[in-house]
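Have a look at the sequence and the model, then read on.

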Amino acid sequence: MTLEQLKIFVAVAERQHLTQAAAALFLTPSAVSAAIRNLEERYDLALFNRVGRRIELSDAGRIFLLEARRTLASIRTLENTLAELGGLGRGSLTLHASQTVSSYWLPPLLVRFRQAHPAIELRMEVGNTEQVSQAVLSASADLGFVEGAIGASALAVEAVAQDRMVVVVAPDHPWADGRKLQVADLLGARWILREAGSGTRSAFAAALGALGLEAEALDVALELPSNEAVRSAVTAGPFATAMSALVVAAPLRAGMLAQANITLPAREFSMLRHPARHRSRAAAAFEALARAGAPAGAGA
């Protein structure tokens, strides 16, 4: 068994998708498929069940995934320990971040970190808030950055920026006229929202709670798995959505969307780390950079 096979197995297991894992690893789907097949044939064990065109972890695969994650985390710790003997000249840092943070707030920090520490190998994975917190818990990530509340009490959670949530609609929607909306208006609208488990969805639910509304009371026409999909769908139909001001800033300026006249409570972007695990110098340096970063809503 090779380290490369372990990495490929974990990538496929976490995504339950060969092509997505191949893209994340910069490999061809055939190379990923061959690596999984070689593992299964070598140990005469099915790690995945093939269900039509889908794959899902077998019982053996779920057990192996726990051990594979632990092994990769131990190897990364060993690599960082050796690299840190020479300071920040070498080493690696793995970040996981939810969509809004990874697309709109984190990139300038990544550029600044790369400029300050060009020899550090920097990796980033994107998922929803729940997936990011699990990655930090399992040591697949050194640090996580999310925009939603998390239920993983074992993690250290630190607010590093503040974001504004706004309600937006198509330019021909009745709410585009700028009239002041009441809470009851929200119940009469049809909504397109991010999927359950996303930071945007949980932040909107929290904002509705602060207004005295249950999120389940809304008429949700569609749930979509990305900010871009939600934004495009709202542009094309008589729906409303709530998103980060960072996500909709450009289409608002272009007149493709209109902001509804209702104020939602601010939300925080949070940094996650596992307090019981060794903190590398690279991780500590990025933490300091994140704390010094500009507020997420600035200029949006």
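Contact here means heavy atoms within 4.5 Å. Keep in mind that this is a predicted model: local features need pLDDT of at least 70, side-chain atom pairs count only at pLDDT 80 or more, and totals for chains, interfaces and linings use all residues. Residues are numbered from 1 along each chain as its sequence is written, and side-chain values use heavy atoms, with hydrogens and water left out. Helices (H or I, at least four residues) and strands (E, at least two) are DSSP runs, numbered from the N terminus.

**Helices α1 and α2**

- On the α1 side, Lys7, Ile8, Ala11, Val12 and Arg15 meet Leu18, Gln20, Ala21, Ala24 and Leu25 of α2.
- Sorted by class, that contact has seven nonpolar, one polar and two charged residues (Ala, Val, Leu, Ile, Met, Phe, Trp, Tyr, Cys and Pro count as nonpolar, Asp, Glu, Lys and Arg as charged, and the others, Gly among them, as polar).
- The axes of α1 (residues 3–15) and α2 (residues 18–25) come within 8 Å and cross at roughly 130°; axes are lines fitted to C-alpha atoms, for helices over the stretch in contact, and angles run from 0 to 180 degrees between N-to-C directions.
- That makes α1 oblique to α2 (under 35 degrees is roughly parallel, over 145 roughly antiparallel, 65 to 115 roughly perpendicular, and the rest oblique).

**Helices α5 and α9**

- α5 and α9 (residues 227–236) pack at about 90°, with their axes 10 Å apart.
- So α5 is roughly perpendicular to α9.
- Gln99, Thr100 and Tyr104 of α5 make the contact with Asn227, Glu228 and Arg231 of α9.
- By class, there are one nonpolar, three polar and two charged residues in this contact.

- Leaving out residues up to four places away in sequence, Phe145 touches, among others, Trp105, Leu106, Val132, Met271 and Phe286.

**Alanine 135**

- Ala135 is found in helix α6 (residues 129–137).
- At 5% relative accessibility, Ala135 counts as buried (under 20% relative accessible area, with exposed over 50% and partly exposed in between; 1.4 Å probe, protein chains only).
- Apart from neighbours within four places in sequence, Ala135 is in contact with His96, Ser140 and Ala141.
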